[in-house]
Amino acid sequence: GNVASSTLPNDPMVLFVGRHVKHKGVRLLPEILAAARVSLPALKMTVVSDGPERVGVKTDLKRLGLTEAVMFTGSISDEELRNLFARASCTVIPSLREGYGIVVAESVSAGTPVVVADNPENLATSLVESGVNGFVVDPSVRGMSQGIVAAVAAGFALRRSTAEWSAQHSKKKSMDRSADEMVERLSAFARNRPLRRGKPRR
C-alpha cells in the first residue's frame, strides 16, 4: 500500500527476483550493492528464488562484509512477492539475456520501478521508459548501482509515475489483445464457412 511507499526513502531496499544462474547477472549483485551503499549506507537487498550461483553470491557478500544487508528468501508465494514489490524501492534486473522480462512487467504493475541492464540480449529493456518507470542503465556494476541510487532518490514520485505508466499500458495491452482475438475469431469464421458453389479451390 501507499503508506509503505511514502516512507521508503528512510529504509531503502532493492529487490532481485530470478533464478541464481549466470545469465541473470546474479553474481554482480554483491558488487552492485556495495557500490550503491557508498551513497546509500542503509540500503538493503532482498534476493528471491534460488539456483546454483547462490553459494558464490553468498561468498562474495561475506568477503564484502554485506551478509547482514541481504535477505535470501528462496521460493515464495505470489502474495509474498507482491508484498516485497510493495516494500522495495526498486527491482534490479542485471540480466545478460532476458526474454520478455516477466519480472519487469510484474514489478512495474506493482508500481515498483525497475533498474535494467542495457545488454543487447536483454529484451526487458523495451518495457522501461527511463525516468518514468525506472532506468535502463549501462550494464556495469557502476551503471547498475547508479540506477538504484537514482531510483531511491526519486522516491515516491517515481513510484507514482510507474503505477500510472502501468495503468496506461495494461489498458493498451488488453485493447491490443482483444483486437487480436477479434481478428482470430473472424478469420476462423471465414476459414470454416463452406464454399457455396463450384468445386473447392485447391
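Here is a quick tour of the fold, its sheet and its nonpolar cores.

This is a predicted model, where local features need pLDDT of at least 70, side-chain atom pairs count only at pLDDT 80 or more, and totals for chains, interfaces and linings use all residues. Residues are numbered from 1 along each chain as its sequence is written, and side-chain values use heavy atoms, leaving out hydrogens and water.

The chain has six helices and eight strands, both taken as DSSP runs numbered from the N terminus (helices: H or I, at least four residues; strands: E, at least two). Six of the strands make an open, parallel sheet in the order β3-β2-β1-β4-β6-β8. Strands count as paired if DSSP finds at least two bridges between them. At the edges sit β3 and β8, each pairing on one side only. Inside the sheet, β1 and β4 pair in the parallel sense over two bridges, and Leu15 has Thr91 of β4 as its bridge partner.

| Strand | Residues |
|---|---|
| β1 | 13-17 |
| β4 | 90-93 |
| β3 | 70-74 |
| β8 | 134-137 |

Now the inside. Buried residues (under 20% relative accessible area, 1.4 Å probe, protein chains only) make up 43% of the 202 residues. A nonpolar core is a set of buried Ala, Val, Leu, Ile, Met, Phe, Trp, Tyr and Cys residues joined through side-chain atoms within 4.5 Å. The largest one has 28 residues, with Val70 and Ile148 making the most contacts inside it. Helix α6 (residues 141-192) gives the most to this core, five residues. Apart from it lies another core of 18 residues, including Leu15 and Leu127.

Contact means heavy atoms within 4.5 Å. Leaving aside neighbours within four places in sequence, Val70 is in contact with Leu33, Met45, Val47 and Leu61.

Notes: Buried < 20%, exposed > 50% of the residue type's maximum accessible area, 1.4 Å probe, protein only.
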